Amino acid sequence: STAELPNHNQDANNMWLSNNTITGRITFDLGSVQTIDAMYVWNYAEGSYGNPVFLDRGASNVNVYANSTFTLTPGTFSQSFVFNKAAPSALLPLTDYNTPVDVYPLTTPITTRYIEFDILSNWGDPGYLGLSEVRFGEAVPEPATVMLLGAGGLLLWRRRRW
C-alpha cells in the first residue's frame, strides 16, 4: 500500500531542481522493458524556511510519453496529469522523512523502457522547476480494497460449496 512507501525529506540536496526554467522534459530509463500502470511521485518539497515560493517549484501540468528507444522527440503519448502541490510538514530537521507520496494510476498500462515527462508548468515559481522522487510500477490496492476483494472471494467460494 502507499502507506508502506517511504516518505521523502525536504532537503534540497536530495531533489532534482532546474535553474532558470519552469518547463522541461525528463526521460526516465527503466533499465529494460517493463509494464507499469502507476506512477509514484513525491513533488518538490524543499523546506521553505518561511518562504512559501519554494513550494511553487514542483511540477504541475505534465504529459507522459512512452518510448521503446531513447530519442530526443516525444514517444507515444500516454496521459496528462496535474501533479499535486507538495505539502511538506513543519517538522525539523529537513532531513526527516515526512512528505508523503502521491499515486497517479495510468488509465492504460504502458509497456516500455523509457518514460518521459513533458512538464508544461510548475506551481508558480518564476525561475525553478523540481521533483523530489519518482517511482514507476504496478498499482498497489489499498488494504481496504484488498479486504473487500478477499471478503467477496470468500462469499463466492462459500456459495460454490453449497
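Modeller: Helices (H or I, at least four residues) and strands (E, at least two) are DSSP runs, numbered from the N terminus. With that rule, the protein chain comes out with 1 helix and 6 strands. This is a predicted model, where local features need pLDDT of at least 70, side-chain atom pairs count only at pLDDT 80 or more, and totals for chains, interfaces and linings use all residues. Residues are numbered from 1 along each chain as its sequence is written, and side-chain values use heavy atoms, with hydrogens and water left out.

Biologist: In what order do the elements of the protein chain run from the N terminus on?

Modeller: They go β-β-β-β-β-β-α.

Biologist: Okay, and what is the order of the 6 strands in the open sheet?

Modeller: Pairing first: two strands pair if DSSP finds at least two bridges between them. Here the order is E1-E6-E2-E5-E3-E4, with antiparallel pairing. Strand E1 (16–17) and E4 are the edge strands, each pairing on one side only.

Biologist: Which strands does E2 pair with, and over how many bridges?

Modeller: Strand E2 (residues 24–43) pairs with strand E5 (residues 102–119) in the antiparallel sense over 13 bridges. For example, Tyr40 stands opposite Val103 in E5, and Asp29 has Tyr114 in E5 as its bridge partner. E2 also pairs with strand E6 (residues 130–137), again antiparallel, over 6 bridges; there, Asn43 stands opposite Leu131.

Biologist: What does the side chain of Gln79 reach, and which residues does Gln79 touch?

Modeller: A polar contact is a pair of N or O atoms within 3.5 Å; within protein, one must be able to donate a hydrogen and the other to accept it, and residues adjacent in sequence count only if both atoms are side-chain atoms. The side chain of Gln79 reaches the backbone nitrogen of Thr107 at 2.9 Å. Plain contact means heavy atoms within 4.5 Å. Leaving out residues up to four places away in sequence, Gln79 touches Val62, Asn63, Val64, Pro105, Leu106 and Thr107.

Biologist: What share of the contacts with a separation of 6 or more comes from residues 24 or more positions apart?

Modeller: In the protein chain, 81%.
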